[in-house]
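Here's a quick tour of a protein model for someone who likes to know the cut-offs. Have the viewer open while you read.

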Amino acid sequence: MDRAISLASSSLGSVSPNPAVGAVIVKNGKIIGEGWTQPPGQAHAEVQALRQAAGDARGAILYSTLEPCPHFGRTPPCTQAIIEAGISELHTAIHDPNPLVNGKGVSLLNQAGILTHVGECEKEASQLIEAYSKFITTAIPFVIAKFATSLDGKIATHTGASKWITGADARAYSHQLRAENDAIMVGINTVVADDPKLTAREMNGKLYERQPLRVIIDSKGRVHPSARLWSQPGQTLIVVSNPDESNTQKLNQIGADVEQIPHDDGTVDLSELLKVLGRRKITSILVEGGGILLGSLFDQGLVDKVVAFIAPVIIGGKAAPSPVAGTGVATMDSVKTLSRVTITPVGQDVAIIGYCEA
């Protein structure tokens, strides 16, 4: 199952809105077939592994990180392929949270006389599909708040300088996170201040083949037609509330994809935005700031996961910005405490990762 988990990890970022799944077929103590989820419309992990094993699959054991699907979607049901191949035993890490599958796949295989086991490497497999699990049950994307701060909690100096707080390893990790998620979200102040490309790049600077959707929260439609993000591969969505007419004309002239989602206070309705992105089949969003956007998301309870990089540097200055603004909480009894926290060294920095659970 460890090998299946590793195979599933390799497909993260390329298979959405499907889950990342890995499958391994073993016979007489040897691996005879391996597979991982292919892009939508192509073979699922189990079918790919069965094709590799071919006729040798009869009487073999299948290890899969997720319960095989029993229904027709873009591809035929994996359960039928497993039964026809003559697999004798299935080990699956977790049930598929999809209501069309949940438990039905395992039940069907049991009825066909295939011995099934559920629960091996459950934690690891669940984490691999955490975005899929939320999306398939709520139709709302999984939201990750990511930021990098100094040891004293600053994301820039009082003059706005921020390159670079963290080291190369943390920045490479951040680009990997971009590549693994369907969308990157930032506020207009970040675009104006930094003029970022908002692309996912490998350590050598090469662009990942699949680029996440760039989502810019821009109430007034102020993003400039000359911003660097327009010349980058991939798509950009500008989300406005009550844009100025002249700004709207500029965006229309460059053919921008604009979504108007107004809120009573003149800002973008972030809760409604998540529903809109869900309808666009966006299953996961990496929010990179700035502080106003992150503060609003935390205030409204819309963040699912936090990835915070802490650098061993001191910036100081009462005017230097912090990563999360917004209203915040009034008392310590109301603070947002992360659960399932991990603390991992990343080069010279530290990554603190945890979940915002009710």
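## Ground rules and confidence

This is a predicted model, so local features need pLDDT of at least 70 and side-chain atom pairs count only at pLDDT 80 or more, while totals for chains, interfaces and linings use all residues. Residues are numbered from 1 along each chain as its sequence is written, and side-chain values use heavy atoms, with hydrogens and water left out.

The pLDDT score is the predictor's confidence in each residue, from 0 to 100. The protein chain averages 92, and 99% of the residues score at least 70. Confidence is lowest in helix 9 (residues 245–253), with a mean of 85, and highest in strand 11, at 98. Helices (H or I, at least four residues) and strands (E, at least two) are DSSP runs, numbered from the N terminus.

Nine strands make an open sheet with mixed pairing, in the order 10-9-8-7-11-6-12-14-13. Two strands count as paired if DSSP finds at least two bridges between them. Strand 10 (257–260) and strand 13 sit at the edges with a single partner strand each, so one side of each has no neighbour in the sheet. Neighbouring strands here are turned by 20° against each other on average, direction ignored. For this and other angles, axes are lines fitted to C-alpha atoms (for helices, over the stretch in contact), and values run from 0 to 180 degrees between N-to-C directions.

Strand 14 has antiparallel pairings with strand 12, over six bridges, and with strand 13, also over six bridges. If you want landmarks, Val307 has Ile353 of strand 14 as its bridge partner, and Ser339 stands opposite Tyr355 in strand 14. The hairpin of strand 13 and strand 14 has two residues between the strands, and Gly347 there takes a positive phi near 65°. Helix 6 lies across strand 6, strand 11 (284–287), strand 12 and strand 14, at about 140° to strand 6; contact means heavy atoms within 4.5 Å.

Strand 1 (residues 22–27) and strand 3 (residues 61–66) run antiparallel, joined by four bridges, and Ala23 has Ser64 in strand 3 as its bridge partner.

How much space lies in the second largest pocket? About 1,100 Å³. The search runs on a 1 Å grid over the protein atoms alone: a pocket is an open set of points where a 1.4 Å probe fits, with protein on both sides within 12 Å along at least five of seven lines, and lining residues have an atom within 4 Å of a point. Of the 38 lining residues, Gln127, Leu128, Glu130, Lys305 and Tyr355 are closest to the centre. Points are joined across faces, edges and corners, and the volume is the space filled by probe spheres set on them.

Helix 5 gives the most to the lining, with five residues. Elements that supply at least two residues each include helix 1 (2–9), helix 7 (168–180) and strand 12 (305–310). The lining divides into 17 nonpolar, 11 polar and 10 charged residues, where Ala, Val, Leu, Ile, Met, Phe, Trp, Tyr, Cys and Pro count as nonpolar, Asp, Glu, Lys and Arg as charged, and the others, Gly among them, as polar.

Most residues other than glycine have a negative phi, and most peptide bonds are trans. The bond from Ser16 to Pro17 is cis, with omega near 10°, and Pro17 lies in the loop between helix 1 and strand 1. The bond from Lys163 to Trp164 is cis as well, with omega near -10°; Trp164 belongs to the loop between strand 6 and helix 7.

Asn28 has a positive phi, near 55°, and lies in the loop between strand 1 and strand 2.
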